[in-house]
Amino acid sequence: IEEVNRHGKQWDAVELVEQLRRAVQPGARKNVGYMGVTNTDIYSADNNFLFGSALPGYGVMSYRRFTADFNKTTPDRRRLLKRASMQCLSSIGFVFGVQRCSTPTCARAYPHSLKEHDAKSGELCQICRDGFQKIFSKL
């Protein structure tokens with residue numbers, strides 16, 4: 001990985017997505033999305049932290065803010081996996097062009113905090129399921 005702009009102990013998410021795109025592009029396949037996963041905190045010019053960031057075809061997600069260490073809580077692997085899988089679903093939706101979800105309980109709903117993220121059901125709402133189905137039926 002090239003040197004990425006840092007803000008303290010954070011990496012610039014937009015630059016990470018761009019580096020992923022450049023690294024994968026020579027061998028990229030049609031109709032395949034690429035996700036990078038990091039345990040380093042990420043940010044963007046518009047946000048002091050992000051759980052994930054994506055562009056068509058490429059995305060990154062950080063699980064740093066999902067960890068017990070970051071939140072000074074008791075480790076809970078099941079909770080960490082739920083948080084990370086919901087973020088992956090959200091980011092992968094953007095990678096494939098599924099619109100942002102506005103159903104608060106949907107795994108892909110935009111959370112403004114970890115509390116909002118944890119309040120989500122972990123399941124996709126029908127609108128998101130239909131969005132994924134529409135995209136994948138074309139592949």
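Reader: What percentage of the 139 residues in the chain do buried residues make up?

Author: The model is a predicted one. A residue counts as buried when its relative accessible area is under 20%. Among the 139 residues of the chain, the share that is buried comes to 40%.

Reader: Of the contacts with a separation of 6 or more, what percentage is due to residues 24 or more positions apart?

Author: A contact requires heavy atoms within 4.5 Å. When the contacts in the chain with a separation of 6 or more are considered, residues 24 or more positions apart account for 53%.

Reader: Is isoleucine 42 buried or exposed?

Author: Isoleucine 42 belongs to strand β4, which spans residues 41–44. Beyond the residues up to four places away in sequence, its contacts include Trp11, Leu16, Phe49, Phe51 and Val60. The relative accessibility of isoleucine 42 is 0%, and the cut-off is under 20%, so this residue is buried.

Reader: Which residues are the closest to the centre of the largest pocket?

Author: The largest pocket holds about 380 Å³ of space. Its lining consists of 21 residues, and those closest to the centre are Leu50, Gly52, Ser53, Arg100 and Tyr110.

Reader: Which elements each supply at least two residues of the lining of the largest pocket?

Author: By class, this lining has 11 nonpolar, nine polar and one charged residues. The elements that each supply at least two of the lining residues are α1 (13–24), β5 (47–50), β6 (52–55) and α3 (77–95).

Reader: Is lysine 72 buried or exposed?

Author: Lysine 72 is found in the loop between α2 (68–71) and α3. Although lysine 72 is not a glycine, it has a positive phi of about 55°. Its relative accessible area is 73%, and the cut-off is over 50%, so lysine 72 is exposed.

Reader: What is the phi of asparagine 31?

Author: Asparagine 31 has its place in the loop between α1 and β3 (34–38). At 41% relative accessibility, asparagine 31 counts as partly exposed. Although asparagine 31 is not a glycine, its phi is positive, at about 65°.

Conventions:
Residues are numbered from 1 along each chain as its sequence is written. This is a predicted model: local features need pLDDT of at least 70, side-chain atom pairs count only at pLDDT 80 or more; totals for chains, interfaces and linings use all residues. Side-chain values use heavy atoms; hydrogens and water are left out. Helices (H or I, at least four residues) and strands (E, at least two) are DSSP runs, numbered from the N terminus. Buried means under 20% relative accessible area, exposed over 50%, partly exposed in between (1.4 Å probe, protein chains only). On a 1 Å grid over the protein atoms alone, a cavity is a set of points where a 1.4 Å probe fits but cannot get out, and a pocket is an open set with protein on both sides within 12 Å along at least five of seven lines; lining residues have an atom within 4 Å of a point. Grid points are joined across faces, edges and corners, and a volume is the space filled by probe spheres set on the points. Ala, Val, Leu, Ile, Met, Phe, Trp, Tyr, Cys and Pro count as nonpolar, Asp, Glu, Lys and Arg as charged, and the others, Gly among them, as polar.
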